[in-house]
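Trainee: Hi! I'm new to this one, could you walk me through it?

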Amino acid sequence: DTIHLTVAVTQGTRSDGTKFKGVCSSHLAGLVPGKDKVRVFNRPSTFRLPKDTTRPILMVGPGTGVAPMRGLLQERHHLKSKGKSVGENVLYFGCKKSTEDFIYKDEMEAFEKDGILTKLYLAFSREQREKVYVQHLLSKNAAETWKLVNEEKGSIYVCGGVRMGHDVTEALKEIVGNEGQMSADKAKDYVAKMAMEGRFVQELWA
């Protein structure tokens, strides 16, 4: 058995020219494989796949937020290998540049080839003049998203920074309002109901 950690190493230069390093991420990055040990306290995730395996899931995991999405896709792959019918799996991933921080690229492409990852939407924010983030792609695919959550009763999982999570939530409310022809208040209630039902789950950090 193994545990996989997805960690972005925090380091940079201050305005006065001095260097800074993140305490935890730099410590982990400096460990010697096969020699050093580290204690890890594992907390259960709030992400739970639908009991009905045929229902679709939509995952939003830019940067290291893709970590739990790997787990969801691996579980769907396992279920499919056992002969169970599995619904669509849609992933929105984002990073600065495809050549620098597109983590798990090979794995995601393999999931696509195997038919586990139905659709992969990529937002590389620094590869064009205007920055493009995952919430922009989600809004662009409004009709598809509305069909997945309303007609097909799919679930949405979001992991990453608090600001991203807020922007994705606002984009979802706008999609619900426009595609479902609802007022802003009713769209807000719709998304809140999804959260209460466990169909809209977020794991965010500051």
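Trainee: Let's pick Tyr104. Where does Tyr104 lie?
Mentor: Tyr104 lies in the loop between β4 and α3. Before we go on, keep in mind that this is a predicted model.

Trainee: Noted. What about the phi of Tyr104?
Mentor: Phi of Tyr104 is near 60°, a positive value in a residue other than glycine. For background, most residues other than glycine have a negative phi.

Trainee: And which residue lies over the face of Tyr104?
Mentor: That is Arg70, at 4.0 Å from the ring centre.

Trainee: Why does Tyr104 count as partly exposed?
Mentor: Its relative accessible area is 23%, and partly exposed covers the range between under 20% for buried and over 50% for exposed.

Trainee: Where is Gln181 found, and what is its phi?
Mentor: Gln181 is found in the loop between α6 and α7. Its phi is positive, about 50°, although Gln181 is not a glycine.

Trainee: Is Gln181 buried or exposed?
Mentor: Gln181 counts as exposed, because its relative accessibility is 74%.

Trainee: Back to the loop between β4 and α3. What can you say about Glu100 there?
Mentor: Glu100 lies in that loop, between β4 and α3. With 58% relative accessibility, Glu100 counts as exposed. Glu100 and Leu72 are 28 residues apart in sequence, and their C-alpha atoms are 24 Å apart in space.

Trainee: How does that go for Thr53 and Leu79? How far apart are they?
Mentor: Thr53 and Leu79 are 26 residues apart in sequence and 8.2 Å apart in space, C-alpha to C-alpha. Thr53 sits in the loop between α1 and β3. Thr53 counts as buried, because its relative accessibility is 15%.

Trainee: New topic: rings. How many aromatic pairs does the structure hold?
Mentor: There are five aromatic pairs. One of them is Phe47 with Tyr157, an edge-to-face pair with 5.3 Å centre to centre and 65° between the planes.

Trainee: Which parts of the chain does that pair link?
Mentor: The pair links distant parts of the chain: Phe47 belongs to the loop between α1 and β3, Tyr157 to strand β6, and the two are 110 residues apart.

Trainee: Are Phe47 and Tyr157 buried or exposed?
Mentor: Both Phe47 and Tyr157 are buried.

Trainee: Which residues do ring pairs link into a cluster?
Mentor: Phe93, Phe102 and Phe124 are linked into a cluster by ring pairs.

Trainee: OK, what about the largest nonpolar core? Which residues touch the most other members?
Mentor: Leu58, Val60, Tyr92 and Ile156 do, out of the 26 residues in that core. Several elements each supply at least two residues of this core, including β3, β4, β5 and α7. The most comes from α6, with six residues.

Trainee: Pockets next! How much space lies in the largest pocket?
Mentor: About 1300 Å³. The largest pocket is lined by 31 residues, and those nearest its centre are His4, Leu5, Asn42, Arg43 and Ala67.

Trainee: Which elements supply at least two residues of that lining?
Mentor: α1, α2 and β7 each do. The largest share of the lining, six residues, comes from α2.

Trainee: And what is that lining made of, by class?
Mentor: The lining of the largest pocket has 17 nonpolar, nine polar and five charged residues.

Trainee: How much space lies in the second largest pocket?
Mentor: About 890 Å³. The second largest pocket is lined by 25 residues, and Pro62, Gly63, Gly94, Cys95 and Lys96 lie nearest its centre. The elements that give two or more residues to this lining are β4, α4, β6 and α6.

Trainee: Which one gives the most to the lining of the second largest pocket?
Mentor: α6 does, with three residues. By class, the lining of the second largest pocket has eleven nonpolar, eight polar and six charged residues.

Trainee: Last one: where is the place of Gly71?
Mentor: Gly71 is in helix α2. Gly71 is partly exposed, with a relative accessible area of 36%. Its C-alpha atom is separated by 24 Å from that of Val191, which is 120 residues apart along the chain.

Trainee: Thanks, that helps!

Key. Residues are numbered from 1 along each chain as its sequence is written. This is a predicted model: local features need pLDDT of at least 70, side-chain atom pairs count only at pLDDT 80 or more; totals for chains, interfaces and linings use all residues. Side-chain values use heavy atoms; hydrogens and water are left out. On a 1 Å grid over the protein atoms alone, a cavity is a set of points where a 1.4 Å probe fits but cannot get out, and a pocket is an open set with protein on both sides within 12 Å along at least five of seven lines; lining residues have an atom within 4 Å of a point. Grid points are joined across faces, edges and corners, and a volume is the space filled by probe spheres set on the points. Helices (H or I, at least four residues) and strands (E, at least two) are DSSP runs, numbered from the N terminus. Ala, Val, Leu, Ile, Met, Phe, Trp, Tyr, Cys and Pro count as nonpolar, Asp, Glu, Lys and Arg as charged, and the others, Gly among them, as polar. Rings of Phe, Tyr and Trp (its six-membered ring) pair if their centres lie within 6.5 Å; planes under 30 degrees apart count as stacked, over 60 as edge-to-face and the rest as tilted. Buried means under 20% relative accessible area, exposed over 50%, partly exposed in between (1.4 Å probe, protein chains only). A charge sits over a ring if NZ of Lys or CZ of Arg is within 6 Å of the ring centre and within 35 degrees of the ring normal. A nonpolar core is a set of buried Ala, Val, Leu, Ile, Met, Phe, Trp, Tyr and Cys residues joined through side-chain atoms within 4.5 Å.
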